[in-house]
Amino acid sequence: MGLFDRLRGGWVYEDDADYVIVGTGAGGATAGKVLAEAGHDVLFLEEGPRLKTKDRPRDAIGALSGSMRQAATQTTAGPVPIPVLQGVCVGGSTAMNSGIIWRMPEDVREDWITNHGLASLVDEGELERIYETVEEDLEVSPTGDDVLGGNATLMRQASEKLGLPGKPMSRNAARCDGKGECLQGCPGEKRQSMDVSYVPRAMAAGARLSTLCRVEKVWIEGGRAVGVIGSKMDRHTRKPLGRFRVRARHVIVSAGVVHTPIILKRSGLGGLVGHRFQAHPGAAIVGRFAEPVRMSYGATQGYEVPMRSRGFKLESLSLPPEMLAARLPGVGAEWQERVANLDCYTQWCAQVRMEAKGRVVPGPFGPLVFYQPTARDLAKAKEALVLICRMMFEAGAVEVYPGIGGIPEVLRSPAEVDAVEAQKWSPAAIHLVASHLFGTACAGANPGRSVVGPDLQSHEVAGLYVMDASVFPTNMGVNPQHSIMAVTYRAAEQLALRGGARQAA
Amino acid sequence: MRLTWWEKRWLEAIFEGFAPPRADAAEGLLTPEPGEVDHVGRFAEMNEHASPIAKLGMHVAVHLVGLAPVWTGTKLAGFDRLDEEARVALLEELMEHPFALVKELSWLMKVQAAMTLFGTPSIRARSGYDRGREEKMPVRLRVKKDGSMKEVA
Ligand SMILES: Cc1cc2nc3c(=O)[nH]c(=O)nc-3n(C[C@H](O)[C@H](O)[C@H](O)COP(=O)(O)OP(=O)(O)OC[C@H]3O[C@@H](n4cnc5c(N)ncnc54)[C@H](O)[C@@H]3O)c2cc1C
Ligand code: SF4
């Protein structure tokens, strides 16, 4: 703790624990569950509130402003801003994700071993055991035909007609009854996000949870992490009420790819903190059908076409009506006609595994994310979006809306798709959104090329761990939650063994 | 997000420009009734937690479109002084504008208009979006040879 903190004093909240975990998303909740069930004293500190599922607003405005960082308006800095979506509530980004589950692809695992020295972290046998445990705990199963709904069913038909490698998604929602509201929080708690699975399990094993606690920095004494310091937030205004501090034997930072590096930097860590930000930015195409599709019924996301060798993955993605309407072309009567039939649309998106690497740095109004897709990345995005347009016509669409600057707003035939493909797309034309984020505190055996070691402990500060998607040295080309959970599960188990018996706070 | 009185007037007029309200609903169109949507209130609620840069962008967008009649040479007046036809025509022009910034900020206004409109339960109900859900029936669709779809049990 610096002189400034000592002089300022006036703590509104003080506590201590064996393990303090900053953040309750995929990484933090998993680490907490493992450590608490191993008998350790765990305290979660979460910046956001705990949202009761039944109280979460069902409209898009309420959903976005109540659970997402800056109401989903945070973007990358640069000439073509890309919205960066993250949850800020108990459960983190898992509280509004679609629950799509993918194991880490083998080529990624091998790359991490060969080029980053992470053999012990991603040991094949250990990961296999962990995947099975997590899949059982989170009720992972393929999306059933009865809850695919019109949006995903049409994608399946297009994929089958074109001979693409499509399949129903595996999701952590075996009991999904197709309410299509994952973004607003699953109304019946069918989807096993961290707020309804691993956080409660950790608490049942004795973990404690303090919400509305924004950690600002790690408290370091003699080169060792001894706790954290932050601000207690007001539930309604989300403005600081006063400062708090928590002492701990071990500090685990799991604040996500954008906020973890900011906490580390504020704590005096340097080196590669904030570097190697990566993502799978995505964009979506909407199609209009003559008959009702009924996007409102079915799993929010149910069908996918993985094309890893081409560097992208296509997914069906249902939207709340507010967001769907915004995607439909026209003004005045033209738009009013389209929005009068909101049950006649499909939306399919492409997630692109981009090679671009960016940086997260502290800025005057919060973190700045510098990130710019390369020309090759944009070419991959174009290939994916053109394929979606073709699939839509194959499925019987009467109109397709690419939503891409500089090309026609409405396509009415496959021949028009060919024309669009032949056109040059400007770099700013594609409206990308990023929800799969990686890097900024990368793991690796070589301290000169990474921030944390294979045990996810900081190379610089003893007792300080990072357990979230920031430790990923690369992106993967598949949905990340399961891999984040597996990697943090593994590191937390190793830490639990090393940590010995409970040293009650 | 705080708006000045003139921003409120422009905002209301811009949002109504995308979907002009009518007392008598037109066949086949989703038409809000006058006063049915609290555009300004919903907009403020939505942007309360927005990032400082997004808030700034929103003010810039309201001014850009609010003053568009002047800088496009349409009329020496704010957007709220245009009649319905002129509002629609101007918004169409802005959404197709050769300057990407103008196009993007006009599109931002459309996104916000869609959020406030369809966040209003009575409008959502008329959009047909929830039709499948009300029936609580699994919907399975098959594409017929002619490209149209049929529902199967
Ligand atoms: C809309 C959306 C849909 C997605 N869909 C899928 C999907 O279907 N499948 C999939 O695999 N992945 C999906 N993802 C991605 C996946 O959810 C994330 O990759 C994953 O949750 C990241 O885990 P994390 O632990 O790194 O961060 P998060 O889950 O984001 O958790 C970070 C936590 O830290 C807290 N925090 C941040 N700063 C502080 C601070 N200073 N003090 C205290 N707490 C703090 C946050 O509030 C948050 O709770 C989706 C993401 C989004 C946004
Ligand atoms: S689709 Fe609906 S029921 Fe299924 S998991 Fe998502 S919110 Fe829950």
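Chain B has 8 helices and 2 strands, where a helix is a DSSP run of H or I with at least four residues, a strand is a run of E with at least two, and both are numbered from the N terminus. Walk along the sequence and the pattern reads α-α-α-α-α-α-α-α-β-β. This is a predicted model, so local features need pLDDT of at least 70 and side-chain atom pairs count only at pLDDT 80 or more, while totals for chains, interfaces and linings use all residues. As for bookkeeping, residues are numbered from 1 along each chain as its sequence is written, chains are lettered from A and ligands numbered from 1 in the order in which they are written, and side-chain values use heavy atoms, with hydrogens and water left out.

How much of chain B is buried? Of its 153 residues, 48% are; buried means under 20% relative accessible area, exposed means over 50%, and partly exposed is in between, with a 1.4 Å probe and protein chains only. Now take the contacts in chain B with a separation of 6 or more: 60% of them come from residues 24 or more positions apart. A contact here means heavy atoms within 4.5 Å.

You'll find it in the loop between α5 (84–95) and α6 (100–118). B:His97 is buried, at a relative accessible area of 14%. Leaving out residues up to four places away in sequence, B:His97 touches B:Trp71, B:Val102 and B:Lys103. B:Gly128 is another matter: 31 residues separate B:His97 and B:Gly128 along the chain, and their C-alpha atoms are 32 Å apart.

Over in chain A, A:Ser210 lies in strand β6 (residues 208–210). A:Ser210 is also buried, with a relative accessible area of 13%. A:Ser210 and A:Leu45 are 165 residues apart in sequence, yet their C-alpha atoms are 5.0 Å apart in space. Again not counting residues up to four places away, A:Ser210 touches A:Tyr13 along with A:Leu43, A:Phe44, A:Leu45 and A:Glu46.

Next comes α8 of chain A, which is mostly covered, with 9 of its 11 residues buried. The buried ones are A:Gly256, A:Val257, A:Val258, A:His259, A:Thr260, A:Pro261, A:Ile262, A:Ile263 and A:Leu264. After α8(A) comes A:Gly268, with a positive phi near 95 degrees.

That brings us to backbone angles. Most residues other than glycine have a negative phi. A:Arg276 has a positive one, near 60 degrees, and lies in the loop between α8 (256–266) and β10 (278–279) of chain A. A:Thr440 is positive too, with phi near 90 degrees, and belongs to the loop between β18 (437–438) and β19 (464–466) of chain A. Are these residues buried or exposed? A:Arg276 counts as partly exposed at 27% relative accessibility, whereas A:Thr440 is buried, with a relative accessible area of 0%.

The search runs on a 1 Å grid over the protein atoms alone: a cavity is a set of points where a 1.4 Å probe fits but cannot get out, a pocket is an open set with protein on both sides within 12 Å along at least five of seven lines, and lining residues have an atom within 4 Å of a point. Grid points are joined across faces, edges and corners, and a volume is the space filled by probe spheres set on the points. Across the whole structure there are 6 cavities of 30 Å³ or more. The largest cavity has a volume of about 70 Å³. It is lined by 14 residues, and those closest to its centre are A:Cys176, A:Lys179, A:Gly180, A:Cys182 and A:Cys186.

What sits in the largest cavity? Ligand 2 does, meaning that more than half of its atoms lie within 2 Å of the cavity's grid points. Around ligand 2 there are 14 residues, each with a heavy atom within 4 Å of it. That shell divides into 6 nonpolar, 3 polar and 5 charged residues; Ala, Val, Leu, Ile, Met, Phe, Trp, Tyr, Cys and Pro count as nonpolar, Asp, Glu, Lys and Arg as charged, and the others, Gly among them, as polar.

Last stop: the second largest pocket, with about 310 Å³ of space. Of the 17 residues lining this pocket, A:Gly62, A:Ser65, A:Gly66, A:Arg238 and B:His49 are the closest to its centre. Helix α3 (residues 60–67) of chain A gives the most to the lining, with 5 residues. By class, the lining of this pocket has 4 nonpolar, 7 polar and 6 charged residues.
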